[in-house]
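Please look over the sequence and the model shown below.

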Amino acid sequence: MAAQIPLVFHPHYSIPFPAGHRFPMHKFRLLAQTLRTQGILTEENEHQPSPLSLTTLMQAHDKGYVQRFIRGELSKQEEKDIGLPWSEWLVERTLRAVSGTLLTSELALEHGLACHLAGGTHHAQPARGAGFCIFNDLAVAALALVNSGKAKKVLILDCDVHQGDGTIVFFKDRSDIVPVSWHCEENYPTLKQTDGVNIAIPKGADDDLYLSILRETLPKVLAEHQPDFIFYDAGVDVHKDDRLGHIKMTDEGILERDKYVIQTCIKQNLPVACVIGGGYDRQEEKVAWRHSLVHQAAHWVWERWV
């Protein structure tokens, strides 16, 4: 058993990027700095992902789409749907971050709990990207676990404020990988997917309402589906100050949410791999702090339960 919770990070997660862009590209580097300051990320527990196997990626994503993205051959509309300007740097960080979620899942299998300092690109579908998501790391990693026989039934618990619509599209015809989405009912995407398990959070919900819905539904979902592996997307765009959220949670509420989800699964001896999901603020240090909450929660659970 590792002495500290395994954390996955690579310096290429934050890349050279246009100033003033809506996507907070520097938050990954700032998150690592925050966690180092907190003593949660150290040289002993930091794991760096290797380059991604394109074979593994193409088990989930359309081969032609993968090749066109890597070559910089996406159409203007495809690039607009994604919302990120293409560059060779973007290819590197995108592939590296998917590899990071795969590594996080392997570490979770080995140690019971592991966290990624990126990931949660849940709007990407098999042959298209959307909403700052190019490839769906959750789908790629879940398929890799099932295809390799390392897991029989995977639950993807998605608490990002936006529905994990892309993940649902991947697995709408499967019973061995089940996406579960707690999301603001009045938010992006306008057209919601109806497959998977969808739990609507009312616009403007505060800590108490959000947590009451979560506590009412999570145990039932786990009991019904009986998974043997968990991915947890801990999006912080549920925060009251998030630009794209419409939910009114505080730092304290998000920390409680993350502790509850992770602890509930760990107490049932389910391996948990955490990814950070969405978080949007012009002050990227604030977003990085909010993303650190899931790592704080996981560190807290690790010391008590793992």
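## Terms and source

On a 1 Å grid over the protein atoms alone, a cavity is a set of points where a 1.4 Å probe fits but cannot get out. A pocket is an open set with protein on both sides within 12 Å along at least five of seven lines, and lining residues have an atom within 4 Å of a point. Grid points are joined across faces, edges and corners, and a volume is the space filled by probe spheres set on the points.

The model is predicted: local features need pLDDT of at least 70, side-chain atom pairs count only at pLDDT 80 or more, and totals for chains, interfaces and linings use all residues. Residues are numbered from 1 along each chain as its sequence is written, and side-chain values use heavy atoms, with hydrogens and water left out.

## The cavity

The whole structure holds 1 cavity of 30 Å³ or more. The space in the largest cavity is about 30 Å³. Its lining consists of Phe 69, Leu 74, Glu 79, Ile 82, Leu 84, Trp 86, Leu 90 and Ile 134. By class, this lining has 7 nonpolar, no polar and 1 charged residues (Ala, Val, Leu, Ile, Met, Phe, Trp, Tyr, Cys and Pro count as nonpolar, Asp, Glu, Lys and Arg as charged, and the others, Gly among them, as polar).

The largest pocket has a volume of about 510 Å³. It is lined by 35 residues, and Phe 23, Gly 131, Phe 132, Cys 133 and Tyr 280 are the closest to its centre. Helix H1 (27–38), helix H4 (76–82) and helix H5 (88–111) each give two or more residues to this lining; helices (H or I, at least four residues) and strands (E, at least two) are DSSP runs, numbered from the N terminus. H5 supplies the largest share, 4 residues. The lining divides into 16 nonpolar, 12 polar and 7 charged residues.

The second largest pocket contains about 180 Å³ of space. Of its 14 lining residues, Gly 20, His 21, Arg 22, Phe 23 and Glu 284 lie nearest its centre.

## Aromatic pairs

There are 9 aromatic pairs in the whole structure. Rings of Phe, Tyr and Trp (its six-membered ring) pair if their centres lie within 6.5 Å; planes under 30 degrees apart count as stacked, over 60 as edge-to-face and the rest as tilted. Phe 69 and Phe 135 are edge-to-face, because their ring centres are 5.4 Å apart and their planes stand at 90 degrees. Phe 69 lies in helix H3 (residues 63–71) and Phe 135 in the loop between strand S3 (113–116) and helix H6 (137–147), so this pair ties together parts that are 66 residues apart in sequence.

Both Phe 69 and Phe 135 are buried (under 20% relative accessible area, with exposed over 50% and partly exposed in between; 1.4 Å probe, protein chains only). Ring pairs also link Phe 9, Tyr 13, Phe 23, Phe 28, Phe 132 and Tyr 280 into a cluster.

## A buried site in a loop

Ala 124 is in the loop between S3 and H6. Its relative accessibility is 0%, so Ala 124 counts as buried. Leaving aside neighbours within four places in sequence, Ala 124 has contacts that include His 61, Cys 133, Phe 135 and Phe 170 (contact means heavy atoms within 4.5 Å). From Ala 124 to Ile 168 is 10.0 Å in space, C-alpha to C-alpha, and 44 residues in sequence.
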